[in-house]
Amino acid sequence: MEWHACLDEYEKLVIRMSTPRVVIDNAVCSTATLFKVDSARRHGILLDAIQVLADLNLSIKKAYISSDGQWFMDVFHVTDLNGNKLTDESVISYIEQSLETTHPDINHGFNGLTALELTGTDRIGLLSEVFAVLADLQCDVVDAKVWTHNGRIASLIFAKDCNSGSPIEDSQQIDKIEARLRNVLKGDNDIRSARTSVSMAVTHTERRLHQMMFADRDYERKPMLQHTLDLPAVTVQNWVERGYSVVNVQCKDQTKLLFDVVCTLTDMQYDVFHATINTSGDKAWYLNFYIRHIDGTPISSEPERHCLIQCLQAAIERRASEGVRLELHTSDKQGLLADVTRTFRENGLKLTRAEISTTSDTALNVFYVTDATGNLADPKIIESVRQKIGLGNLRVKELPSIYHEKAETEEQAVGVGGAVLLSLGSLVRRNLYNLGLIKSYS
């Protein structure tokens, strides 16, 4: 570590104490790579570590968190999404450098882009209207994430000016974008709760989506229809003798579950002092947290306890994948998203979640769709949509088994080269590529 000439010995000691220390071990456990992180305790330090791993689409199979006085010790058992140990040295090196940074980078390639935040009442065709407005206003959508939950929608869109390729900074243009998007979100019955904002500020996308939905109080709203998915079981009790509130969460496995839970606890101003995270053979997660308010006190009222349970359940449900997963891989062009989402709307498909990204003029988009009532879409409609968008461009990830048989036959006819998909094993390297840390992820 190099020191600035003006630092005295005390300042150097403070920096040493506050900088996390990381040990990565691939020998101790036969099924996972161990990441051990020691650092001085501060609010949000646990979320910073989990965020680094989650952003690389890594899976945390087990974790042990303990805080002794002002010192924090974490152990994470990590695999890739295929369940394999990490062996790519570029990935391991990046994780080590990121975990040893006091404040991890959250830019993720969004510098030079304008952030658009949208919240409102969800309805079929809403995203089609949003992307049509942006295309009409010469806004090029580079990256976006869209979540829906309990009849509400939150979206964070990163865009640039189509003509100049620069951020959208003209105040009149920004006012026009906000006004038109607000009118779309309001529709006929959401005059009060629809919100839009335009910002140049850099933020962590998924944490911001949680914050937007929390501010929208989606956790208090009743779902439009009862889901068949198992609801997460959350309990909160006080351990009076030790001054902790004990949070227990049990639910089915899903991507970035630990991030979603710890993000919610952190943004609700709770500190995690101790925790254990385990997964079982039936793909269930068991999470136990010992928490206090940032002022050192446990939960003190029944309404607060009830609110925390609601918020944690909502945080888990927001990412729960509903509907058919469609993956679009094609050359990017002006108005692509407006065209694709219009095709969904015209065929009665409702978007429940979307992840939009653009890499080297190639669109890599993921959509989750249901029918208009929130039930599984008809496979015939899905096939019709694929015919219109392009069989080699739009691929199906999740459908009933009867459809998979047809899809396999079709894939053989189209050929592997006609429908390129990123494998699970390449997701980590793709994220490093997007961050500019490697030249290729192929």
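I looked up Tyr290 and got a relative accessible area of 26%, so this residue is partly exposed. My cut-offs: buried is under 20% relative accessible area, exposed over 50%, partly exposed in between, with a 1.4 Å probe and protein chains only. Tyr244 comes out at 10%, so Tyr244 counts as buried.

Housekeeping before I go on: this is a predicted model, so I take local features only at pLDDT of at least 70 and side-chain atom pairs only at pLDDT 80 or more, while totals for chains, interfaces and linings use all residues. Numbering runs from 1 along each chain as its sequence is written, and side-chain values use heavy atoms, with hydrogens and water left out.

Rings next. I pair Phe, Tyr and Trp rings (six-membered ring for Trp) if their centres lie within 6.5 Å, and I call planes under 30 degrees apart stacked, over 60 edge-to-face and the rest tilted. That rule gives six aromatic pairs. Tyr244 and Phe273 have ring centres 5.9 Å apart and planes at 55°, so I log them as tilted. Tyr244 sits in strand 10 (residues 244-252) and Phe273 in strand 11 (residues 270-279), so this pair ties together parts 29 residues apart in sequence. Both Tyr244 and Phe273 are buried. Tyr244 also pairs with Tyr290, centres 6.0 Å apart and planes at 75°, so that one is edge-to-face. Tyr290 lies in strand 12 (residues 284-293), so here the parts joined are 46 residues apart. I find Trp239, Tyr244, Phe273 and Tyr290 in one aromatic cluster.

Now the strands. I count 12 helices and 16 strands in the protein chain, taken as DSSP runs numbered from the N terminus (helices H or I, at least four residues; strands E, at least two). Eight strands make an open antiparallel sheet, order 8-5-7-6-14-15-13-16; strands pair if DSSP finds at least two bridges between them. Which strands stand at the edges? Strand 8 (195-199) and strand 16 (394-396) do, each with a single partner strand, so one side of each has no neighbour in the sheet. Strand 13 (residues 324-331) pairs with strand 16 over three bridges, and Leu326 stands opposite Val396 there.

Last, the cysteines. I find zero disulfides, a disulfide being two cysteine sulfur atoms within 2.5 Å. Cys311 is in none, and the nearest cysteine sulfur, that of Cys307, is 3.9 Å away. Cys311 has 2% relative accessibility, so I mark it buried.
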